[in-house]
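Thanks for coming, everyone. Let me put the structure up, and then we'll walk through it.

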Amino acid sequence: MQSSKIINYDYSVAKLFAIATIVFGIVGMVVGVWIAFQMAYPELNNLANEYGTFGRLRPLHTNIAIFGFILSGVWATWYYIGQRVLKVSMIESPFLMILGKIHFWLYLVGVVGVVVSLFMGITSSKEYAEFEWPIDIAIVVVWVIWGIGIFGLIGIRREKILYISVWYYIATFLGVAMLYLFNNMAVPTYFVTGFGDWWHSVSMYAGTNDAMVQWWYGHNAVAFIFTVPIIAMIYYFLPKESGQPIFSYKLSILSFWGLMFVYLWAGGHHLLYSTVPDWVQTMGSIFSIVLILPSWGSAINMLLTMKGEWQQLKDNPLIKFMVLASTFYMFSTIEGPIQAIKSVNALAHFTDWIPGHVHDGTLGWVGFMIIASLLHMAPRMFKREIYSKKLLESQFWIQTTGIVLYFSSMWIAGLTQGMMWRATDQYGNLAYSFIDTVNVLHPYYTIRGVGGLLYLIGFCMFAYNFYKTMTVGKEIEEEPHSTSPMAA
Amino acid sequence: MFHWLEKNPFFFAVAVFVVIAYAGIITILPDFMNSARPVVGTKPYTVLELAGRHVYIKDSCNACHSQLIRPFKSETDRYGMYSLSGEYAYDRPFLWGSKRTGPDLMRVGNYRTTDWHENHMLNPKSLVPGSIMPKYGHMFSNVADIETAYAEALTVKKVFNVPYDEIDMPKLGTFEESSKIVLAEAKMIVDDMKSPEVKAAFARGEIKEIVAIIAYMNSLK
Amino acid sequence: MNWLNDNVNLLGLIGAAAIIIITIFVVGKYIKQIKYDKSTGELADENWDGIGEYKNPLPIGWSISFIGTIIWALWYFLVGYPLNGYSQIGEYNEEVEAYNTKFESKWANPDDQTLLGMGEGVFLVQCAPCHGITGDGINGKSADLTIWGSEKAIVDVIVNGSKGMNYPLGEMPAGLLDATSAKAVAAYMVEKVTKTGTQNADLVAMGETLWVTCTICHGEDSKGMNGSSPDISNYGKPEFIVNVLNIGKKGSIGNMPSFNDGRLTDIQKLSVGKYVNSLTQ
Ligand code: HEM
Ligand code: HEM
Ligand SMILES: [Ca+2]
Ligand SMILES: [Ca+2]
Ligand SMILES: [Cu+2]
């Protein structure tokens with residue numbers, strides 16, 4: 001406690017990543033809102049020739065949201081939390097300082113490469129692993145740099161015992177490294193034959209095997225990017241902002257190791273009723289159900305940390321964001337397992353219920369946690385008060401409304417679509433042509449678009465608030481211990 | 001009790017890695033060889049079809065279309081026989097998709113035709129009122145990348161022993177030989193098409209993306 | 001239609017309800033604790049950047065559920081549905097069998113009305129993408145089924161020829177007869193051969209004299225000379241359409257796919273033939 005006051009933490013890298021988080025957040029969500037409206041009003045596909053079609057933009061949305069917005073957020077918080085819970089400043093090691101900066105700028109170059117190549121239609125088509133091999137290699141380099149950064153900082157730490165958040169950051173690092181490497185194994189065709197585009201490659205795996213590797217990756221990319229590092233955030237920012245001790249160390253530890261063990265088995269739930277062996281599918285289903293508990297363990301630990309703190313929940317919008325985030329985390333981690341039950345998946349798979357599930361997690365859990373984390377960091381990084389609490393309060397309600405519209409419309413759309421695909425008339429024929437099932441979805445696609453737009457508006461309010469905090473927020477002398485100071 | 005591990009980052013990392021690593025090995029490896037075996041009659045894609053497949057990937061048709069027919073009566077009635085593992089033996093990457101904004105295309109070659117695709121890709125709404133599929137006019141002016149398709153075919157032949165040039169299998173040969181075959185194949189499609197632009201280009205020896213993607217669509221059976 | 005007759009629909013809806021109910025119930029419980037409870041416990045010695053940790057025991061409900069799911073998982077995998085104890089293709093076969101017993105016996109001898117109803121359903125799903133919802137061929141993009149099979153259509157065939165069904169005799173050449181003679185032959189054909197009735201009764205006699213033009217290829221009995229050309233005695237009738245569905249047609253308008261990949265049963269083909277026939281004005 002005392003030494004943490006003496007140490008002069010350096011947030012220059014954290015600040016860079018925080019700004020990147022906000023910029024990529026806006027870009028990713030603008031594209032998200034755009035493609036959402038394209039599904040309701042397909043004319044919107046034709047505004048930029050081939051570059052504006054849904055097919056080109058969708059991977060752009062997912063990749064900017066995941067590898068731009070979320071990863072920047074993960075790194076912004078790592079470069080903040082890491083120093084503080086290890087009780088060591090980056091200033092103490094010029095090497096780590098430079099490494100951090102290289103990490104950021106190289107990453108930025110990578111993102112530019114990603115955006116350009118996806119617009120050009122250079123993609124390997126595997127979801128969340130669309131990039132061709134030159135970008136894959138750049139990503140591996142960036143990743144290794146981050147890894148050196150993590151273990152470097154750990155190496156010079158003063159706090160001997162690793163805090164829970166650090167466990168999760170380490171797991172993120174290892175998990176993604178392993179998954180990414182194996183799923184992106186490919187043979188560059190130009191170098192084998194001397195013909196064609198130099199960046200083109202062909203997957204090492206074919207057909208069913210490719211699918212198995214892809215969803216072993218895809219599912220766990222969700223685990224190690226949408227879940228594990230976000231848990232790292234909540235384990236630090238919620239107790240820190242509220243000043244409450246973690247409810248239970250035992251629960252932390254069981255949830256962590258439980259999550260690590262169980263998650264990796266569940267990938268088969270993306271391949272139910274496909275051509276992968278029945279027993280692999282069954283594994284995917286049952287491990288998904290077991291996964292509820294280690295997932296909920298962390299969320300419950302957080303909610304119980306707030307035991308008796310209703311007043312804080314009412315007064316402090318940051319706590320509101322974080323408690324609702326835990327709730328959405330619980331919501332999507334029961335939704336996922338139920339969608340992983342075979343008969344439910346028979347209905348849900350391929351429908352809009354899945355994007356519904358996805359955004360319960362990404363908007364409600366990931367988005368809210370990143371917003372709350374950056375806002376907690378802002379007064380401490382810039383030594384200024386948060387610019388406006390009122391703005392923050394309205395942002396909270398606007399975004400919450402947005403999420404509710406998003407998921408309720410997609411639930412209805414998905415269930416309707418799933419049931420219409422299966423429906424038969426009294427003669428036993430299919431009752432609906434495919435286009436019938438598209439036409440009924442129009443109103444829901446519109447509602448989803450509006451919900452997304454609300455969420456985006458809220459995010460822009462956050463960006464504005466953050467920018468104002470950075471530039472004109474009231475200066476503060478001493479770092480607040482818990483509750484972040486904010487102007488009304 | 002775990003404090004020991006939490007004080008030793010190296011062993012902590014090793015422990016995490018061990019715990020997360022073996023699930024993949026246990027679920028993926030046992031059936032690996034089995035899943036790679038083609039069903040009798042499955043053939044690798046011709047170079048023109050592969051070029052079309054690249055267009056499919058370039059424009060992310062897989063964002064809206066699946067290629068996986070699940071074993072339900074409602075799906076086999078709509079799309080045909082359910083998918084078998086070996087039918088995908090030459091699919092690199094697999095294109096099962098995860099969302100059906102549009103219909104499954106695993107066997108679309110059975111029930112849609114060149115002229116239909118030509119009209120549909122140009123303007124889906126002209127055939128299917130209410131369609132939300134984008135127009136793909138640019139495929140009528142972009143030229144298909146046959147060379148990269150050839151490079152891929154040759155790569156999989158060399159590296160993964162895909163049986164090009166074997167009896168009853170598509171012929172690859174040298175790039176020049178292959179180009180001739182591609183032109184002959186494209187001609188059959190161009191003949192069934194109406195677009196003067198595409199026909200004129202073909203007369204100049206150019207194969208437009210639309211021709212390649214139709215070749216690919218027709219090969220999906 | 002009863003949505004809940006379908007097991008999958010039912011389980012899907014129950015699942016959706018369960019997600020909401022369980023979340024509200026469990027989160028509600030913790031919100032209550034946030035409101036009314038008090039945090040207690042023995043603090044651990046460690047402290048990270050001001051964050052402490054209680055040494056509280058595991059929540060009992062959570063622990064029991066965790067152990068419960070693990071036991072259930074073991075049971076499921078080892079006893080309930082052990083390795084290879086379940087096959088999705090087996091399940092599919094059962095589904096198809098159950099379907100067949102339900103529908104094929106029910107509609108084993110369908111009357112015309114039933115066939116028409118059945119055919120309309122098939123048409124809208126399988127044919128409308130090309131022929132349009134009304135069957136009008138969408139501005140000439142495929143055959144206009146509202147006139148197909150009519151007297152007028154026969155004139156058209158005679159004048160413009162026909163191709164694409166891959167008969168041994170190949171194509172039927174265009175311009176076999178001039179327009180007036182074609183009209184007469186068509187009148188004769190619908191009156192005497194297909195017996196669907198003509199609107200130009202006065203031309204039948206003339207048509208009869210010209211009919212030999214057709215018998216060269218289609219045979220004396222119009223039945224196509226053992227498959228050398230199509231059997232036109234059933235032209236404009238469901239049977240002819242069934243034949244088109246079986247072989248497809250790569251004509252001068254475009255390409256009509258064949259439907260023999262198993263998606264349509266014989267009875268469905270007949271029913272859609274009936275329905276298409278009913279579209280002809
Ligand atoms: C216990 C935890 C979870 C389980 C068991 C689970 C299960 C599932 C299932 C069954 C699917 C649908 C697969 C399909 O039919 O296509 C799915 C899709 C998805 N889930 Fe979850 N989910 C969980 C938590 C989460 C969370 C917390 C997030 C995000 C924050 C998330 C993000 C996604 C995404 C992005 C997809 C879409 C994958 C695709 O592209 O097809 N999941 N999940
Ligand atoms: C403004 C808010 C957003 C809107 C309106 C939006 C909209 C969309 C749309 C329309 C899709 C395509 C769904 C489909 O193909 O049917 C999509 C997919 C996806 N979005 Fe978003 N999005 C938003 C924010 C985000 C954020 C913040 C993230 C991540 C942090 C995210 C992650 C994803 C993912 C992973 C998918 C792929 C889902 C799948 O394949 O099943 N989105 N989004
Ligand atoms: Ca890649
Ligand atoms: Ca997806
Ligand atoms: Cu998953």
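Which element of chain C has the lowest mean pLDDT, and which the highest? Helix 3 (residues 88-106) of chain C has the lowest, at 91. Helix 1 (residues 7-36) of chain C has the highest, at 96. Here pLDDT is the predictor's confidence in each residue, from 0 to 100. Helices are DSSP runs of H or I with at least four residues, strands are runs of E with at least two, and both are numbered from the N terminus.

Some ground rules. This is a predicted model, where local features need pLDDT of at least 70, side-chain atom pairs count only at pLDDT 80 or more, and totals for chains, interfaces and linings use all residues. Residues are numbered from 1 along each chain as its sequence is written, chains are lettered from A and ligands numbered from 1 in the order in which they are written, and side-chain values use heavy atoms, with hydrogens and water left out.

Chain C averages a pLDDT of 92, and 99% of its residues score at least 70. For the complex, the predictor gives an ipTM of 0.95 and a pTM of 0.95.

Now chains A and B. In contact, meaning heavy atoms within 4.5 Å, are 93 residues of chain A and 85 residues of chain B. Together they bury about 7,700 Å², with 68% of that on carbon and sulfur atoms. Buried area is the accessible area, taken with a 1.4 Å probe, that two parts lose on being put together, summed over both.

How many salt bridges cross the interface of chain A and chain B? Three. The rule asks for a side-chain nitrogen of Lys or Arg within 4 Å of a carboxyl oxygen of Asp or Glu. B:K125 pairs with A:E43 in a salt bridge, and their closest N and O atoms are 2.9 Å apart. On the side of chain A that touches chain B, helix 8 (residues 207-242) of chain A gives the most, with 11 residues.

Next, chains C and B. Here 21 residues from chain C meet 21 residues from chain B. The area buried is about 2,100 Å², and carbon and sulfur atoms give 54% of it. On the chain C side, C:Y92, C:K141 and C:R263 lose the most area to chain B, together 29% of what that side buries. One salt bridge is found across this interface. B:D192 and C:K250 form a salt bridge, with the closest N and O atoms 3.1 Å apart. Helix 3 and helix 4 (112-131) of chain C are the elements that give two or more residues to this side. Helix 3 of chain C gives the most, with six residues.

On to the metals. Donors are N, O and S atoms within 2.8 Å of the metal, or 3.2 Å for Na, K and Ca; water is not among the atoms, so sites may look incomplete.

Which residues hold the copper ion (ligand 5) as protein donors? A:H219 (ND1), A:H269 (NE2) and A:H270 (NE2), lying 2.0 Å from the ion. The copper ion (ligand 5) is 4.5 Å from the iron atom of ligand 1.

The calcium ion (ligand 3) has A:F131 (O), A:D136 (OD) and A:N184 (OD1) as protein donors, at 2.2 to 2.4 Å. A:F131 and A:N184 are 53 residues apart and link distant parts of the chain.

Last, two backbone details. Most residues other than glycine have a negative phi, and most peptide bonds are trans. B:R92 and B:P93 are joined by a cis peptide bond, with omega about -5 degrees. B:N161 is not a glycine, yet its phi is positive, about 55 degrees.
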